[in-house]
Every structure is written in C-alpha cells, then in structure tokens.
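Biologist: I would ask for a close look at one part of this model and at the elements that surround it. Please keep to a single connected account.

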Amino acid sequence: MDLRPDESWAPEMGVVTGRMHYAILVAPGEFAHDAEGFRLALLIGAGFSQENICVLIGEAATGDNIVSAFKEVEASAKANPLQRVELIFYFSGHSGEFPAAILADATHSASHQVSQILIIKDCCHAEAMDLTLQRERCHARQHHGRIIQWSACSSEQTATGFTHRLSRFTGYLVAAFMGGKSNECPFGSACEGCRRLAYNASFDHTISTYDVEAYIAYHCSRDDGSGQPMQTPVFTGRDTGPSTIALFRPAT
Ligand SMILES: [Zn+2]
C-alpha cells in the first residue's frame, strides 16, 4: 500500500508542495544547446529548483556521472518518504550514444524509491531505444510501471540537432514547459494545440504530462515550415498519480 500523502495534505502539514522534482539532463557532443533550453524551461516555466537539476554536457556526459546522479535522487527520495518524488531524465544526442543499458539499470534501481521517472529521448530513432526492451538488464518489469518514456521520433525517423537553435521536438517540449508558444506559434494565434494547453493551464496554473504530450504531438505532426524533418513523437507509459510534473504558468 502506498502511504504517501497526496498534494492536498501539503498546506495542512506546512510543507510546500508534497512533491519533489528532479531532472538529469544529458547532452554529449554538440547538443548542449537543447539541454540548456530545457534547463531554462524547467527553471523558469516549471519552477524547478536549480540544485535539483543535474546537467551533464560534453565530457561530463558519462555513464558513471549518470549513475551517480540517479543515486543522488534515489537517496533524496529515501530520505523523504512522505514526498512524492518525480524525476525527469532528458537525453539529447546521437542515438548511438543513448545510454540504454545504463538507464535500464539506473531506472530499475531508482524505481523502488522514486514515484515516477520520465525518460525523454531526444534523438534519431528514439522509439527504438525503449528501455522495457532491455530485458536482460531489468528482470522486474513491473517497476517500469513507474517509468514514462517520450521518444522525439519513431524508430525509422531521424531528428536534426543544431548548435545554435533548438531542434523540432525540443522546441515544442521547451515551449510546453513554458506554458505554450502563445503568439509565436508558427500556426498562428488561433492554433488549436496552443489554445488547448492554455485552457488546461487556466484552472490551477498547472498542466499535466498528458497536456504536454498532446501539445507536442499536435505541433510536431504538422509542417511548421521550419524545413526540419517530420517527427512523430511516441509516448509510452502512464502517470502513476495525478502528475503535474511541476507548476506551470498559463500562457497569456
Ligand atoms: Zn500552437
């Protein structure tokens, strides 16, 4: 039985939110720009604490550092059993560099303590990097119930990365965490995807992982005139709770 309190307990208990948010952002090679864009969205749009975001870019994007970062989140979750702890792992890079085996081990271990782990795979052929396929690494597949995976594109698609601008999927991911593109949306101010996100955010200034998925799917599935290859993001796994990954500001 899960004895963790839900968010409604928080005000009475005098704690801030009843949940803790962590992020591990990994970008080897030339993809630091995507990780930095997402880092800012987590800080500014989603209200993450700076100290809860671990950024591993370039030379620092090693397997050992990823394992250490997971261990830190795991330890924090263990030390705060009354908190719902959610972790976002974000990877931007070449699909050949995606640390699938390391992640399968790390998420398997962390899922005993961490309430929910969102793995964002921002690379070519992302859907093919499914962690649940790493069977030899993870015997207890039930723990994957706490893992949500977002793939920037399907198995056969490629994604273009840039040094000075965000790639297609990343751009909409960042925009969603910032509460929507608002007037800058390439589909105009009447864009249905933007309108829906703003509407859902208008109730309590939060949006769920479902809202973000819908926003990204809507925008990525249309030709936005950017000239970048078409990407069909794939979302697998479901929220373990009423997940509002963080507090968002509504688009204005
Ligand atoms: Zn839009």
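How many bridges join β1 to strand β3, and do the two run parallel or antiparallel?

Modeller: Eight bridges join β1 (residues 19–27) to β3 (residues 84–92), and the two strands run parallel. Before the details, two remarks on the basis of this account. This is a predicted model, in which local features need pLDDT of at least 70 and side-chain atom pairs count only at pLDDT 80 or more, while totals for chains, interfaces and linings use all residues. Residues are numbered from 1 along each chain as its sequence is written.

The protein has seven helices and six strands, where helices are DSSP runs of H or I of at least four residues and strands are E runs of at least two, numbered from the N terminus. Along the sequence these elements follow the pattern α-β-α-β-α-β-α-β-β-α-α-α-β. The strands form an open sheet of six with mixed pairing, in the order β2-β1-β3-β4-β5-β6; two strands pair if DSSP finds at least two bridges between them. β2 and β6 (234–236) are the edge strands, each pairing on one side only. Direction ignored, neighbouring strands of this sheet are turned by 10° against each other on average (axes are lines fitted to C-alpha atoms, for helices over the stretch in contact, and angles run from 0 to 180 degrees between N-to-C directions).

β1 itself is mostly covered, with nine of its nine residues buried; a residue is buried if 20 or more other C-beta atoms, placed from the backbone, lie within 10 Å of its own. In a regular strand the side chains alternate between the two faces of the sheet. In β1, Arg 19, His 21, Ala 23, Leu 25 and Ala 27 point one way, whereas Met 20, Tyr 22, Ile 24 and Val 26 point the other way. On the β3 side, Leu 25 stands opposite Tyr 90. Five bridges pair β1 with β2 (residues 53–57) in the parallel sense, and there Val 26 has Leu 56 as its bridge partner. Together with helix α2 (residues 32–45), β1 and β2 make a right-handed β-α-β unit, in which, with the strands pointing away from the viewer, the path from the first strand over the helix to the second runs clockwise.

α4 lies across β3, β4 and β5, running at about 160° to β4. β4 in turn pairs with β5 in the parallel sense over five bridges, and Ile 117 has Ile 147 in β5 as its bridge partner.

Tyr 90 ties several of these parts together. Leaving aside its neighbours within four places in sequence, Tyr 90 is in contact with Ala 23, Leu 25, Val 26, Ala 35, Phe 38, Ile 120 and Asp 122 (contact requires C-beta atoms, placed from the backbone, to lie within 7 Å). Tyr 90 is also one of the residues that touch the most other members of the largest nonpolar core, the others being Leu 25, Leu 87, Phe 89 and Ala 176. This core has 66 residues; such a core is a set of buried Ala, Val, Leu, Ile, Met, Phe, Trp, Tyr and Cys residues joined through C-beta atoms within 7 Å.

Helix α2 also packs against α5 (168–177): their axes come within 8 Å and cross at roughly 10°, and the two helices are therefore roughly parallel to each other, a term for angles under 35 degrees. On the α2 side Asp 34, Gly 37, Phe 38, Ala 41, Leu 42 and Gly 45 meet Thr 170, Leu 173, Val 174 and Phe 177 of α5. In the loop between β5 (147–151) and α5 is Ser 167. Ser 167 is buried because 25 other C-beta atoms lie within 10 Å. The C-alpha atoms of Ser 167 and Ser 92 are separated by 9.8 Å, although these residues are 75 residues apart along the chain.

Technical notes:
Buried ≥ 20, exposed ≤ 12 C-beta atoms within 10 Å, placed from the backbone. Contact = placed C-beta atoms within 7 Å. Parallel < 35°, antiparallel > 145°, perpendicular 65-115°, else oblique.
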